[in-house]
Amino acid sequence: MTSEQPDPIPSFDACGPLPRGTTLLEASAGTGKTHELVERVTQLVLTEDVPLRNIAAITFTDAAAAELRDRVRESFEK
């Protein structure tokens with residue numbers, strides 16, 4: 001009997017191409033998570049033609065969700 005090891009988690013390249021599928025972005029406060037999420041969402045919608053309604057960004061608090069929503073909206077108004 002052989003036990004199969006799961007595939008290693010690929011490293012995240014913030015300057016590389018957008019990853020496909022589910023991506024977990026975890027970091028300490030003040031490291032730019034919201035900024036990076038806004039940039040990635042904007043890039044997916046504008047350059048990859050992904051409908052905004054098909055993107056899920058999950059936060060830990062309602063306040064963080066509101067901040068993310070406002071900043072995504074502002075990015076499209078620029």
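1. Glutamate 36 and arginine 40 are both buried. Buried means under 20% relative accessible area, exposed means over 50%, and partly exposed lies in between, with a 1.4 Å probe and protein chains only. The model is predicted: local features need pLDDT of at least 70, side-chain atom pairs count only at pLDDT 80 or more, and totals for chains, interfaces and linings use all residues. Residues are numbered from 1 along each chain as its sequence is written, and side-chain values use heavy atoms, with hydrogens and water left out.

2. What joins glutamate 36 to arginine 40? The two form a salt bridge, with the closest N and O atoms 2.7 Å apart. A salt bridge here is a side-chain nitrogen of Lys or Arg within 4 Å of a carboxyl oxygen of Asp or Glu. Both residues lie in helix H1, 4 residues apart, about one turn of the helix. Helices (H or I, at least four residues) and strands (E, at least two) are DSSP runs, numbered from the N terminus.

3. By this rule there are 3 salt bridges. Side chains of opposite charge can pair when their charged atoms come close.

4. Turn to helix H2. Glutamate 67 and arginine 71 both sit there, 4 residues apart, about one turn of the helix. Their side chains meet in a salt bridge, 3.4 Å from N to O. Glutamate 67 has a relative accessible area of 39%, so it counts as partly exposed. Arginine 71 is partly exposed too, at 28% relative accessibility.

5. Aspartate 70 forms a salt bridge with arginine 73, and the closest N and O atoms are 3.4 Å apart. Because these two are 3 residues apart in helix H2, about one helical turn separates them. Aspartate 70 is partly exposed at 34% relative accessibility. Arginine 73 is partly exposed, with a relative accessible area of 44%.

6. Which residues make up the largest nonpolar core? There are 5: Val38, Val41, Val45, Leu68 and Val72. The elements giving two or more residues to this core are helix H1 (33–47) and helix H2 (62–77). H1 supplies the largest share, 3 residues. A nonpolar core is a set of buried Ala, Val, Leu, Ile, Met, Phe, Trp, Tyr and Cys residues joined through side-chain atoms within 4.5 Å. In soluble globular proteins, nonpolar side chains tend to be buried together.

7. Look at leucine 68. Leaving out residues up to four places away in sequence, leucine 68 touches Thr34, Leu37, Val38, Ala57 and Thr59. Contact means heavy atoms within 4.5 Å.
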